[in-house]
Amino acid sequence: MDAGLVAAQLLNGLQLGVLLFLLASGLTLIFGIMDFVNLAHGSLYMVGAYFCATLTDVTGSFLLAVALALPATALVGAAVELLVVRRLYRRDHLDHVLATFGLILCFDTLVQMIWGPEGMAIRLPAWADGQQHLPGGLVFPTYRLLIIGAGLAVAAGLYVLVVRTRLGMRIRAGASNPAMAGALGIDIGLLFTLVFALGAVMAGLAGMMIAPITEASIGMGNEIIITAFVVVIVGGIGSIRGAFVAALLIGLIDTMGRSFLDMGLKLVMSVQAAETSAPALSAMLIYILMAAVLAFRPQGLFPPKAR
Amino acid sequence: MNRTVGWLLLAALAAGPPLALAAGQPFYVDILTRLVCLAAAATSLNLILGHGGMISFGHAAYIGIGAYAVGIPAYYEIYDGWLHILLAVAFSALFALATGAIALRTRGVYFIMITMAFAQMVFFAVVSIEEYGGDDGLVIDIRSEFPLIDLEDGLTLYYACFAVLLGTLYLVHRVARSRFGMVIEGAKGNERRMAALGFAFYRHRLAAYTLAGALCGLSGAMLGNFTNFISPEMMDWTRSGELIFMVVLGGTGALFGPLMGAAAFLLLEELLSGWTIYWQLPFGLLLILVVLFARGGLAGLLEGRRG
């Protein structure tokens, strides 16, 4: 097996992992604090990507487009919270699931009405669109390295925000006991809107970062959101640290499985049997991992402390 | 009131297709066949969702398993209908038993996400098996063959599907009214109290979950026969969302609720998609409004309950 190929796939797995973390951290925050199941989180990922694509066309600068698209996605998230989600906190999970399923249909159709059925590509600026020669003779696309760096930076920033700042203190207070936090003078309604918008920004950022590779397309969030759910479940719902560990784990396992499972299987079965079963098995790998984790720890790897 | 409307609907379904043919509108027989199959699937979901409070977001997987239980043997030119049905029911029940055993150890949002993830696992597994068409799906050249019954005849096929619907309704009705049904209904209301009364309701839930899966697999086999073409898209997670919507639209836990819900769902789909290509927007908005303002569904409205 080629060591360079393994290293490259490790980096690809890491890149998928940080994207999954950006999606899953918002999901897990929103669930941990508001006890709200948001299926439409993937729609915000899509909306972020389309905003970024249009703004890149208009401004001619990818970075400027990201800087403008982030607050725009936050506004969309805040609007969704104020118009729909806010009315559902007191309802059961079935209502959450159904209403946000309705939101997905609305978002997908609105995007089709505004941007048309075709996807939108984003052209990378020249400085991001090359290859980097890494130590060990490895060649890896610059932009994918940037995604990994940016994702890890956002994860660190999120940690600082939640653990070191006053807003983070309020978020944690809201998570552990909303009624008490409210009684102590924290505006819970505002806090919930902020947290939802924060989750939207991170989902949107993930969409913006992936769009130059895959292009922005309708329904792009509907597939990756399920993987983000698996991350949230494996990590433990409500735990940002769990989401981080699980996101990297699942990113790596999924990527490595797709690349190398057939080689591993060829050691134990015939070449033909390995080549037929490897794609199906590697597609199922993360779900099997999830089932295994749940069989032993039904609350996930890092269960949040009991309330 | 509810029951009256339900029986009227059944009577209309029994008499509808010959009338449509007599009026020279065979197109309506197709719509009604799809309606009857989806209503049977939604009715099986109602057993666990409505009566058991288990929000399974992966029920479309059983439609897919049932359909592929017809499609894969047909690919090998095995057309024995009884074998198809046996495979559809057995594999659906097996999959429900295996995944339910893990999923039912969890509660609330974990359960929703896990059932969704397991369904997605089947989806991706089928997508990656190129032998059976993968993403592109599989054409069923000859429908299941039964002695004396010729499913190639549209009207016969319709009445076979209708018989499956009637059987599913009857079985769900009997199970829900039995002591067994009372146990899962009681566990939905208050787990602790049921445990204190000495019921090991995990086993009851698992049995109900397995039965619902098997019944849905049967309706999937009929749907596969009807469409003559099966693809992984039949078990996309959004299909599961639509099944939940049918159950909730009709009214959870009401015997004829899913039937009314499926009828209303397909009627809306036909009307709106004939009116605009962006029909999913009003559809999604309606879904959100139903959740916010008409929680009892159609059955609730008929009974005069609201919100």
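Guide: Two residues are in contact if their C-beta atoms, placed from the backbone, lie within 7 Å. The model is a predicted one.

Visitor: Among the contacts in chain A with a separation of 6 or more, what percentage comes from residues 24 or more positions apart?
Guide: The count takes in contacts in chain A with a separation of 6 or more. Within that set, residues 24 or more positions apart account for 76%.

Visitor: How many helices and strands does chain A have, and in what pattern?
Guide: Along the sequence, the pattern of chain A is α-α-α-α-β-β-α-α-α-α-α-α-α. In number, that is eleven helices and two strands.

Visitor: Which radius of gyration does chain A have, and does it agree or disagree with a compact globule?
Guide: The C-alpha trace of chain A spans about 65 × 50 × 35 Å along its principal axes. A compact globule with 307 residues would have a radius of gyration near 19 Å. The value for chain A agrees with this, and is 20 Å.

Visitor: What percentage of the residues of chain A count as buried?
Guide: A residue is buried if 20 or more other C-beta atoms lie within 10 Å of its own. Of the 307 residues of chain A, the share that counts as buried is 47%.

Visitor: Which element supplies the largest share of the side of chain A that touches chain B?
Guide: The contact takes 37 residues from chain A and 38 residues from chain B. On the chain A side, α4 (93-115), α9 (220-235) and α11 (271-296) each supply at least two residues. The largest share, 16 residues, comes from α4(A).

Visitor: How many residues of that side of chain A are nonpolar?
Guide: The residues of chain A that touch chain B include six polar and three charged. The nonpolar ones number 28.

Technical notes. Residues numbered from 1 in each chain as written. Chains lettered and ligands numbered in written order. Predicted model: local features only at pLDDT ≥ 70, side-chain atom pairs only at ≥ 80, totals over all residues. Helix = DSSP H or I, 4+ residues; strand = E, 2+ residues; numbered from the N terminus. Nonpolar A, V, L, I, M, F, W, Y, C, P; charged D, E, K, R; others polar. Rg over C-alpha atoms; globule rule 2.2 N^0.38 Å. Buried ≥ 20, exposed ≤ 12 C-beta atoms within 10 Å, placed from the backbone.
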